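Student: Could you take a close look at a single part of this model with me? Please give the cut-off for each term as you go.

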Amino acid sequence: MKSKRRSLFIVLFLVFPMIHLIIFSYVPIIGNFVLSLTNWRGFGDINFIGLRNYEKMFTNTEYIKMFKNCGWYFLVSIPQLIFALLLAVVINGKFRGLNVFKGILIIPYLLNGVIISTIFIIFFNNTGSLNTILGWLGLDSLQHQWLQDLNLVNPSIASISIWRYYGMNFIMFFGALQTIPTELYEAATLDGCSKWQEIRYISLPFIKKVLFINILLSVSGSIQVFEIPYIMMNGSNGTGTPVIMIQQSMSTNKVGFAAALSVMVFVIVLIVVGLQRLLVKED
Amino acid sequence: MSNETKLYKTVRYIFLICASIFVFVPLVPLIFMAFKTGAEYSATSVLEPPKNWLNMYNFSYAMRVGHLGKAFLYTAVILTISLAIQVTFTAMVAYILHRFDFMGKTVVKVMFTLTMFIPVVATQTLIFRMMYAVGLINTMWSVIILYSGVGIVGIYVMLNQLDSISREIDEAAMIDGAGYFYTFAKIIFPLMKPACTTMIIINGIGLYNDFYIPNLYLNRDVQTFTVALYKFYGSMSTPFEIVAAAIIIGMIPIMIVFIFLQKYIYNGLAGSVKM
C-alpha cells in the first residue's frame, strides 16, 4: 500500500514537467529533422525533397555569409572575456566603494535587447556619441558611418556584445573567485607573496574551469545571435544571422527551410556543449 | 593584514573608474535625450545636457501613446504566473530526484540535462505551428506555457538547497503520520525559500528582458513591455526623444529590483556556475 502511494506521488510530481519537456523540447527537435527534408509551407501537403534545403543553405553565398557573421560575435568575445576576468580579479577584495562599483558594473546585464539597441543606435549614428567624441579628440579622420559602411557594420554591432554581456562573464568569474578559501590568501600574504603572485598562482588557476565554460558559452551564443542585428538593422546591410533567417523563413511560410536552419544551429550548439561536458569532466 | 601595495590600490581604482565610464558613456545621451524637446534634440549634440531637466512631456507622451501601462500589466501577469509554475514544478522535480530512488530515475535526469543542448531558437518552427493549431497565438497563454518549463539550472539550484535540508525532517514528518504530499508542501517546500528566491530573481530578469518569444507569439493587443517598446521603436513616426523616455520608464522596474536585490543577483548567478 505504502509503495503504491509512493509511486503515485513520484509519477504525479514528474508528469507535468516531463510532458512539457517532451512537447516543447524533444518533439520540436526531432520534428525539425523531418521537416528539414520537406518543403512544407505550414499548411497543406508535406512533400519530401531530400537534402535540397541543406543544399540551398550551403551553396547560396547570402546564407553562408550569415554563418560567417557569427564569427564577428565570437571574435569580440575575446576582449570581452579578458575585460570581465580583469574586473573580477581586481574587485575580489575589500575596499571602499566596492558595492558601488559592483552595482554600476552589473547595469548592462539588466537591460533588454530593445533598450540596448536604442542606446547603440544613438552611439553609432552619424551624429551620434562615438563620432562626437572622436570630433572632440580631434580624430575627425576616424569618424565613419558605422552602420551604413558595409565593411564596418558587422564589427560595429558585434562589439555591442562586449558591453551587453561582459557583466554575465564578470559575475561568473567573480562567483568562482569567491569560492577560494580566504585562508589561502592569508597564508600567501604571510609567506610574503606579492599581490601579483597571488593573482597569478592562486586566483587564475582557480577560474580555469569557469573561463573554459565562458568561452564555450560565447561560441554557442555567437551562433544564436538574434536581437541586436534584428532590432537595430532588421538584418539589412548584410547583418543577417542564422536565427534572423529562421525568423524570416517562418514568417514567409518557408517552414522546411526554417527547420533546416534550426537543425544547423542545433547541431553546432550540440557540438559545443558536448565538448564542454566532455572536457570539464576530464578535469 | 594585506599585501596590497599602494600602486595596486591606485591601479585598481583607475581601472574600476574607467570601467564605470565605459558603462555610462552609451547610457548618458539616452538620459539627456529623454528630457529634451523635439526641436532641442535636432538642434543640439547628443552629448549636450538638456536645458530643462524637469521637462516631463516625453514621459507622459510615451505612456499615453505607447500603451506602456497595459504592456506593463501584461508583463506582470505573465511573469507572475510563469514564475509561480516554474518554481513550483522545479522544486517538485528536484525533491523527487533528491529524495527518492525509482526505476527510470537516470532517464529522467538525462532528459532534463539534455535540454541544455537544445537552443530555444531552434525549436520554434514546430512549436509555432502547434500554438497556431490550438489558437494560442496572440494570447498571453502561449508565452506563459513556453515559460513554464523546468530548466536544468533551476534544478541544480534546488538540489543544492535540498542538500542542506536534513532527511531526518522528512522522516520525522512521515513517522508523525504526514503523507508524502503534506511533507513536501507544508514542510520541505517552505524550507526551500532561499533557492526559490534566487530562481525567481534570476529567471525573472531573464523573462522580463526576453524578446524572442513574446515577439514571435504576441502581436496585436497583447504585448509584453519589451515588445511594446520594440513596436514603438520600429514605427519611424515616433520621435526618438519619446523612445528614449519610454526606455527610461522601462528601466525603472529593473533598477528597483537591482537596488534591492543586488546581493541575490550576484549570489544566484555565481551559484549557478557551481553546477
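Tutor: In chain B, the centres of domain 1 and domain 2, taken over C-alpha atoms, are separated by 33 Å. This is a predicted model, in which local features need pLDDT of at least 70 and side-chain atom pairs count only at pLDDT 80 or more, while totals for chains, interfaces and linings use all residues. Residues are numbered from 1 along each chain as its sequence is written, and chains are lettered from A and ligands numbered from 1 in the order in which they are written.

Domain 1 of chain B covers 1-55 and domain 2 covers 65-273 (bounds from an automatic or database domain assignment). Seven residues of domain 1 are in contact with seven residues of domain 2 (C-beta atoms, placed from the backbone, within 7 Å). On the domain 1 side of this contact, the elements giving two or more residues are H1 and helix H2 (38-43) of chain B (helices are DSSP runs of H or I, at least four residues, numbered from the N terminus). H1(B) gives the most to that side, with four residues. By class, the domain 1 side has five nonpolar residues, one polar and one charged (nonpolar: Ala, Val, Leu, Ile, Met, Phe, Trp, Tyr, Cys and Pro; charged: Asp, Glu, Lys and Arg; polar: the others, Gly among them).

H4(B) brings B:Thr75, B:Leu79, B:Ser82, B:Leu83, B:Gln86, B:Val87, B:Thr90 and B:Ala91 to the contact, and H11(B) answers with B:Cys196, B:Met199, B:Ile200, B:Asn203, B:Gly204, B:Leu207 and B:Tyr208. Counted by class, nine of the residues in this contact are nonpolar, six are polar and none is charged.

B:Gln86 sits in H4(B), which runs over residues 68-99. B:Gln86 is buried because 24 C-beta neighbours lie inside 10 Å (buried needs 20 or more other C-beta atoms within 10 Å, exposed 12 or fewer, partly exposed in between). Leaving aside residues up to four places away in sequence, B:Gln86 touches B:Tyr147, B:Ser148, B:Val150 and B:Asn203. The pair B:Gln86 and B:Tyr147 is 61 residues apart in sequence, yet 7.5 Å apart in space from C-alpha to C-alpha.

H11(B), residues 193-209, also packs with H8(B), residues 152-163, at an angle of about 160° and with the axes 9 Å apart. H8(B) and H11(B) are therefore roughly antiparallel. Here B:Gly154, B:Val157, B:Met158 and B:Gln161 of H8(B) meet B:Pro194, B:Ala195, B:Thr198 and B:Met199 of H11(B). This contact has five nonpolar, three polar and no charged residues.

A loop of chain B is worth a glance too. B:Asn138, between helix H6 (124-133) and helix H7 (140-147), has a positive phi near 65° although B:Asn138 is not a glycine. With 16 C-beta neighbours inside 10 Å, B:Asn138 is partly exposed.

The contact between the chains takes 74 residues from chain A and 69 from chain B. On the chain A side, helix H1 (residues 2-35) of chain A gives the most, with 18 residues, and the side as a whole divides into 49 nonpolar, 19 polar and six charged. Within the pair of chains, H5(A) and H1(B) pack with axes 9 Å apart at an angle of about 95°, so they are roughly perpendicular. A:Thr118, A:Ile119, A:Phe120, A:Ile122 and A:Phe123 of H5(A) meet B:Pro26, B:Leu27, B:Pro29, B:Leu30 and B:Met33 of H1(B). By class, that contact has nine nonpolar residues, one polar and no charged ones.

A:Ser129, A:Leu130 and A:Asn131 are the buried residues of H6(A), which spans residues 129-136. What covers them includes both H5(A), residues 113-124, and H1(B), residues 6-34. Just after H6(A), A:Gly138 takes a positive phi of about 75°.

Definitions and conventions. Contact = placed C-beta atoms within 7 Å. Axes fitted to C-alpha atoms, helices over the stretch in contact; angles between N-to-C directions. Parallel < 35°, antiparallel > 145°, perpendicular 65-115°, else oblique.
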